[in-house]
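Hi everyone, thanks for having me.

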Amino acid sequence: MRTSDVIVIGGGLAGLTAAITAAGRGKKVTLMTSGAGTLAIGGGTIDILGYLEGSTPVKTPRSGLDNLPPEHPYSKVGALAVGEAVDFFLNICREEGFAYTGGLDRLQWLPTAIGTLKPSCLIPQTMDMAPVLAASHVVVAGFTRLKDYFPELIVKGLSKIAGYQKNYEQVMIDPGFTGGRDVTTLDIARWLDTIQGQQACREQLTKYIKPGTAVIIPPVLGSKPGYAVRDTLEGMLNCKFVESVILPTAITGLRLRAMLLNRAKKLGVTIMEQAHAAWAVQDGERVTAVVTSNIDRERSYNTEAVILATGGFFGGGIVAEPDNVREAVFNLPVAAPVDREDWGTLKLFTGSAQPFAKIGITVDSSLRPVDRDGRVLLTNVYVAGRNLGGYDYCLEKSGNGVALVSGYKAGLSC
Amino acid sequence: MKKHHYNPDSCTTCTACVVHCPVTQAVREFRGPKLAGPAGERFRLATDDYDAALEYCSNCKNCDISCPSRVPVSTLNMKARANYYKTHKQPFRDWMLSHSEQMAKMASLTPGLANMGMNNFLSKAVLKKLGISDKAPLPAYASQSFYKQFRKIKQQPQANKVVFYPGCFINYNQPEVGLDVVAVLQANQFEVIVPEEAVCCGSPLVVNGYLEEAEANARTNVGILAKYIEQGYPIITACTSCGLMLKQEYQELFELEDLDKVSSRIYDISEFLLELYDEGQLNTNFRKQTGNYLYHAPCHLRVQGIGKPSLELVRMLPGVEVTDADAGCCGISGNYGFKDDKYDIAMAVGSNLFETIKASGVTTVLSDCGTCRLQISHGAGVKTAHPISIVRAAYGK
């Protein structure tokens with residue numbers, strides 16, 4: 001009889017982190033995914049905590065942890081686990097040859113495509129703004145036909161921010177693409193993976209580069225996890241590159257996902273694509289098998305434990321129906337305001353959290369789901385990522401941070 | 001049970017499909033699955049304008065695999081393509097490639113002659129004229145079809161019976177794979193029934209827009225298979241594209257009676273054997289052999305949501321080392337890579353896999369799909385085998 005020590009449901013950042021953590025402990029892990037998820041198209045930065053309620057920026061992510069309410073996922077697992085998860089992640093990145101930079105004691109302010117700065121915590125080296133801060137001459141590069149990316153917006157926005165008054169110059173690079181479709185950063189990144197692309201880019205940029213120039217560029221420096229493309233271009237042009245934060249599709253997330261998948265596979269995690277977990281077989285308060293429901297039939301997979309990382313409303317892990325809100329696989333209770341009118345606040349830009357954003361599953365300190373009285377509902381199920389309630393990632397800038405920390409904790413608890 | 005649904009509005013335009021589409025990566029003329037599929041569908045509701053980029057979709061299903069909203073993107077493309085050909089002339093080349101069963105039936109009358117006829121300079125030039133690449137790895141016909149060879153097998157009678165649906169490729173091109181399936185099932189105390197009255201699953205018809213013919217085939221096959229299922233017999237396939245068509249694409253494309261009943265009883269051969277294992281029924285009297293393989297999971301297996309059963313199975317065999325290539329689509333996607341105007345795209349799509357295989361140093365690659373095996377041999381210059389052949393070898397039969 002085949003069985004897993006743990007089945008992780010969900011292949012986003014929380015699920016992958018949980019699978020890697022558990023497999024690293026010697027567990028036999030099966031990861032069930034349904035679609036590639038938002039990790040593949042997202043920014044790939046690990047925002048731990050940028051703002052508190054009221055849009056107050058934290059001094060450092062670590063100091064912000066002390067000011068969170070008890071129902072926040074970080075408060076549930078404790079600051080120690082947050083620190084461990086950060087170290088765990090940075091270590092994986094280093095070992096996989098795609099080192100991230102940052103830590104809990106410093107906010108990283110990243111340049112966005114609209115010329116604002118966004119707080120983050122753990123970032124790829126290519127997004128570190130230090131070279132821009134150190135430079136007097138900054139080239140802001142865009143690409144011909146790249147959608148939603150305008151260097152002038154970046155120059156206009158950054159020029160207004162203290163510390164960023166630089167000598168800016170704009171340049172458009174033409175990758176010379178033929179064909180009728182829109183150009184995306186992925187197209188450009190794949191072009192820059194090639195020597196021809198790198199050389200063409202160098203030829204078009206070189207006359208703008210002076211000693212000590214920093215170049216702000218959309219995330220296009222290679223489609224694979226690693227810094228080879230950046231290193232080659234910096235060597236060719238003798239300047240520093242900084243990748244900006246853009247709308248999806250951002251290659252930075254694709255690289256992070258590829259790295260984590262590589263890591264999971266090395267650790268022997270079995271990945272089942274298109275395995276739509278639908279319900280579970282239970283023996284009392286223990287789950288003994290996860291049942292997938294595909295178009296042809298249901299299939300049952302035995303397991304000793306389950307990590308639930310299926311996402312929130314957007315990911316389909318939590319489902320809102322006209323008179324009900326529920327978790328999709330185990331039918332776990334979801335803490336939400338009773339009156340739908342209370343799910344949202346109309347004061348959109350006041351810096352207060354949206355109640356609907358905090359809707360999710362309530363858990364104990366080892367991330368097991370609990371009822372209203374704090375009684376554990378399923379003894380071998382652990383919840384990670386956007387399934388969890390009690391935080392507003394949009395307001396806080398904590399989305400990937402909660403995914404990482406809770407994924408790590410769940411992988412340790414199972 | 002949750003069904004796939006056709007509402008293009010389930011698409012949130014997140015672009016996960018574009019990121020994971022191998023054809024989009026290979027050719028800039030393709031606008032990508034998101035625009036060709038769900039977005040294009042909205043426009044097609046209002047006008048009969050055709051998006052020429054639609055023809056680039058190979059129906060490899062990586063868009064379906066990556067879609068977080070369970071939109072059957074590739075099937076939307078196939079339906080739109082079929083609609084287009086209702087009012088537009090289609091090349092004879094597409095008819096030829098879609099009717100591989102008829103072509104094979106003709107060829108199997110004189111397979112030697114047919115193969116000789118296919119693989120010479122003159123007929124390659126004729127095929128090229130028709131739009132079939134003279135570089136493509138067209139399969140050779142077997143001297144005797146699987147049906148013919150199966151009839152001669154003296155099976156050990158068993159109380160447990162299963163139905164084996166070989167599909168055209170095994171029947172006409174690689175009957176040895178079908179014989180291996182039968183031997184392995186016999187080694188597990190199953191008697192094998194092969195319904196010769198069944199027809200091509202329709203996969204090559206669907207990708208070239210012959211939906212009505214594909215539906216007729218579906219109706220025939222479902223009618224035949226349903227009768228066996230009523231007797232309690234499971235249906236086994238050993239070609240992942242046939243399996244996918246029978247259990248999934250029929251449901252996405254057609255409204256047929258008994259479809260649910262049939263699709264719920266179709267098993268990939270390796271999946272079937274692993275279920276036996278779970279019940280403690282698998283004959284694990286495996287002989288030690290030596291072999292070092294790479295395994296390539298066909299895209300049409302990955303989209304089924306059953307993991308990689310043959311990889312699990314082969315890993316149980318003593319002495320066999322097997323590594324998951326995990327290097328993406330091979331590019332062939334049924335008959336896509338046979339087309340003259342698609343050959344280079346298919347080779348570009350498969351290049352990552354070919355490089356991975358060459359770098360590994362293995363001499364034989366395992367894969368469950370017949371045309372994947374052709375493309376891998378062609379692109380990487382290695383031998384290939386169906387995993388079930390390695391299982392048969394382990395039984396020493």
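Let's start with a helix pair: Gln198(A), Cys201(A), Arg202(A) and Leu205(A) in helix 8 of chain A meet Val229(A), Thr232(A), Leu233(A), Met236(A) and Leu237(A) in helix 9 of chain A. "Meet" here means contact, with C-beta atoms, placed from the backbone, within 7 Å. Those contact residues split into six nonpolar, two polar and one charged. Nonpolar is Ala, Val, Leu, Ile, Met, Phe, Trp, Tyr, Cys and Pro; charged is Asp, Glu, Lys and Arg; the others, Gly among them, are polar. Helices are DSSP runs of H or I, at least four residues, strands are E runs of at least two, and both are numbered from the N terminus.

Before going on: this is a predicted model, where local features need pLDDT of at least 70, side-chain atom pairs count only at pLDDT 80 or more, and totals for chains, interfaces and linings use all residues. Residues count from 1 along each chain as its sequence is written, while chains are lettered from A and ligands numbered from 1 in the order written.

Now hop to chain B. Is Arg265(B) buried or exposed? Arg265(B) is buried, because 21 other C-beta atoms lie within 10 Å; the cut-offs are 20 or more for buried, 12 or fewer for exposed, and partly exposed in between, with C-beta atoms placed from the backbone. Arg265(B) sits in the loop between helix 16 and strand 4 of chain B. Beyond its neighbours within four places in sequence, Arg265(B) touches Ile229(B), Pro234(B) and Ile235(B), by that contact rule.

Last stop: Pro248(A) and Thr249(A) are joined by a cis peptide bond, with omega about 5°.

Terms used. Contact = placed C-beta atoms within 7 Å.
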